[in-house]
Amino acid sequence: QVQLVESGGGLVQAGGSLRLSCLASETISYYDMNWYRQAPGKEREMVARIDSSGRRTQYADFTKGRFTISRDDAKDTVYLEMNNLKPDDTAVYYCNANGLSMNSDARVVPLDYWGQGTQVTVSS
């Protein structure tokens, strides 16, 4: 089981920046990596994703070019750089890993791992 630990959240003023980190307990080379966020009373939403190769990324519209996802497989870490933060960005940010595995019956099964989240609070 892959364990994911997010860090880098905190309190920042509007217009400021934060870099979130997600450290995995083992290699993430075979996983697509994602960042999600959830604000109080709202559904969890996708923020950004990067595929296992690191060559393809996707971003939610609300990032508007402000966020950048990246990965460093040698450090078992994925990052989310957030610039020009807004109060609406306030949420718990979660790291997620997706992949596939094969059991003893040669059955392909999905893998889906989540971190505990890190709080980001943006003040006006």
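Author: What follows is a talk about salt bridges and the disulfide.

Author: This is a predicted model, in which local features need pLDDT of at least 70 and side-chain atom pairs count only at pLDDT 80 or more, while totals for chains, interfaces and linings use all residues. Residues are numbered from 1 along each chain as its sequence is written, and side-chain values use heavy atoms, with hydrogens and water left out.

Reader: How many salt bridges are there, and by what rule are they counted?

Author: A salt bridge is a side-chain nitrogen of Lys or Arg within 4 Å of a carboxyl oxygen of Asp or Glu, and by this rule the count comes to six. One of them joins the side chains of Arg49 and Asp32, with N to O at 3.6 Å. This pair links distant parts of the chain, since Arg49 lies in strand E5 (residues 45–50) and Asp32 in strand E4 (residues 32–38), 17 residues apart; strands (E, at least two residues) are DSSP runs numbered from the N terminus.

Reader: Are Arg66 and Asp89 buried or exposed?

Author: Buried means under 20% relative accessible area, exposed means over 50%, and partly exposed lies in between, using a 1.4 Å probe and protein chains only. Both Arg66 and Asp89 are buried, and they form a salt bridge whose closest N and O atoms are 2.7 Å apart. Arg66 sits in the loop between strand E6 (57–59) and strand E7 (67–72), whereas Asp89 sits in the loop between strand E8 (77–82) and strand E9 (91–102), 23 residues apart. Arg66 and Asp89 also belong to a network of salt bridges that takes in Arg37 and Glu45.

Reader: What is the accessibility of the two partners in the salt bridge of Asp73 and Arg71?

Author: The side chains of Asp73 and Arg71 meet at 2.8 Å, N to O. Asp73 is partly exposed because its relative accessible area is 25%, whereas Arg71, at 16%, counts as buried.

Reader: Which cysteines form the disulfide, and where in the chain do they lie?

Author: A disulfide is a pair of cysteine sulfur atoms within 2.5 Å, and a search of the whole structure finds one. Cys22 and Cys95 form this disulfide, with their sulfur atoms 2.1 Å apart. The pair links distant parts of the chain, Cys22 being in strand E3 (residues 18–24) and Cys95 in strand E9, 73 residues apart. Both cysteines, Cys22 and Cys95, are buried.

Reader: Why is the disulfide of Cys22 and Cys95 called left-handed?

Author: The torsion about the S-S bond of Cys22 and Cys95 is about -80°, so the disulfide is left-handed.

Note on methods:
Helices (H or I, at least four residues) and strands (E, at least two) are DSSP runs, numbered from the N terminus.
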